[in-house]
Amino acid sequence: MSTPSSHPSFWRRIPLAFGAFFSTLSDAAYAARVEKLSLPEAAPVAPASAPAPVPPPAAAPIILKEATPDAALQLLALLQREARLIDFTQENLGSHADADIGAAARVVHEGCAKVMREYFTIEAVRQEAEGSRIVLQEGFDSAQVRLTGNVVGSAPFTGTLSHRGWRASSVRLPKLSEQHDAAILAPAEVEL
């Protein structure tokens with residue numbers, strides 16, 4: 001069976017078919033292009049004076065994860081237990097002297113730092129020193145780097161690192177029993 005030289009042979013079409021099959025399954029944009037190729041051809045239409053604009057490909061729907069409040073409540077409870085953070089933030093500081101507020105802030109700071117060290121591993125997002133000049137190439141991760149100031153044009157961007165950013169590389173919160181009510185951040189205390 002002879003085939004025109006512009007068409008691939010049967011043996012060449014086999015890997016093409018497998019590649020197209022898996023690309024169609026894994027890549028929605030590729031699948032849309034294949035679907036357009038497989039649609040029956042319409043009757044020829046008189047050419048228009050200007051080609052119709054091609055709509056941009058539909059973006060994949062954004063799927064939002066629902067966060068359960070238990071981990072956040074657990075963290076608040078730990079910060080209250082070790083740093084009395086909720087007590088500090090719920091206090092009206094207007095009637096207290098600055099020295100008293102400073103002394104309380106030191107206790108809160110030390111307790112918060114203890115919770116951070118014990119339950120999290122925190123690392124800088126960027127390793128360069130703050131104040132250094134950096135270049136962000138096209139395709140930089142905007143979740144890790146926020147551009148501020150006069151943002152115009154497109155990457156590459158050259159700017160000054162004003163904050164290195166923070167990322168949690170590990171979280172080690174204690175496991176909670178089924179009966180634990182995470183909404184109780186600190187139990188009421190009754191002295192007898």
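Modeller: First a term for what follows: Ala, Val, Leu, Ile, Met, Phe, Trp, Tyr, Cys and Pro count as nonpolar, Asp, Glu, Lys and Arg as charged, and the others, Gly among them, as polar. With that, the lining of the largest pocket divides into eight nonpolar, nine polar and three charged residues. Note that this is a predicted model.

Colleague: How much space lies in the largest pocket, and which residues lie nearest its centre?

Modeller: The space in the largest pocket comes to about 520 Å³. Its lining has 20 residues, and Val145, Arg146, Leu147, Thr148 and Thr160 lie nearest the centre. The most comes from β3, with four residues.

Colleague: What makes a residue part of a lining?

Modeller: A lining residue has an atom within 4 Å of a point of the pocket. By that test, 16 residues line the second largest pocket, and Ala77, Arg81, Leu185, Ala186 and Pro187 are the closest to its centre. About 320 Å³ of space lies in this second largest pocket.

Colleague: Which element gives the most to the lining of the second largest pocket, and how does the lining divide by class?

Modeller: Helix α3, residues 70-83, gives the most, with five residues. By class, the lining of the second largest pocket has nine nonpolar, three polar and four charged residues.

Colleague: Gln74 is found in helix α3. Why is Gln74 called buried?

Modeller: Buried means under 20% relative accessible area. Gln74 has 11%, so Gln74 is buried. Leaving out residues up to four places away in sequence, Gln74 touches Leu173, Pro174 and Leu176. For the chain as a whole, 12% of the 192 residues count as buried.

Colleague: Why does Arg84 count as partly exposed?

Modeller: Partly exposed is the range between the buried limit of under 20% and the exposed limit of over 50%. Arg84 has 44% relative accessibility, so the label is partly exposed.

Colleague: What makes the pair of Phe140 and Phe157 an aromatic pair, and why is it edge-to-face?

Modeller: A search of the whole structure finds one aromatic pair. Phe140 and Phe157 form it, at 6.1 Å centre to centre and with 85° between the planes. Ring centres must lie within 6.5 Å and planes over 60 degrees apart count as edge-to-face, so both conditions can be checked against those values. The result is an edge-to-face pair.

Colleague: What does the pair tie together?

Modeller: Phe140 lies in the loop between β2 (133-136) and β3 (157-160), and Phe157 in strand β3, so the pair ties together parts that are 17 residues apart in sequence.

Colleague: Why is Gly149 called exposed?

Modeller: Exposed means over 50%. Gly149 has 70% relative accessibility, so it counts as exposed. Gly149 is found in the loop between β2 and β3. The C-alpha atoms of Gly149 and Gly159, ten residues apart along the chain, are separated by 9.5 Å.

Colleague: Which peptide bond is cis, from Ala155?

Modeller: The bond from Ala155 to Pro156 is cis, with omega near 10°. Pro156 is in the loop between β2 and β3.

Colleague: How do you know that Arg126 and Glu128 make a polar contact?

Modeller: The limit for a pair of N or O atoms is 3.5 Å. The side chains of Arg126 and Glu128 are joined at 2.8 Å. Arg126 has its place in the loop between β1 (120-124) and β2. Beyond its neighbours within four places in sequence, Arg126 is in contact with Ile134, Leu136, Val145, Leu161 and Arg164.

Technical notes. Residues numbered from 1 in each chain as written. Predicted model: local features only at pLDDT ≥ 70, side-chain atom pairs only at ≥ 80, totals over all residues. Heavy atoms only, no water. Phe/Tyr/Trp six-rings, centres within 6.5 Å; stacked < 30°, edge-to-face > 60°. Helix = DSSP H or I, 4+ residues; strand = E, 2+ residues; numbered from the N terminus. 1 Å grid on protein atoms, 1.4 Å probe; cavity = no way out; pocket = protein on both sides within 12 Å on 5 of 7 lines; lining within 4 Å. Points joined across faces, edges and corners; volume = space filled by probe spheres on them. Polar contact = N/O pair within 3.5 Å; in protein donor to acceptor, adjacent residues only side chain to side chain. Contact = heavy atoms within 4.5 Å. Buried < 20%, exposed > 50% of the residue type's maximum accessible area, 1.4 Å probe, protein only.
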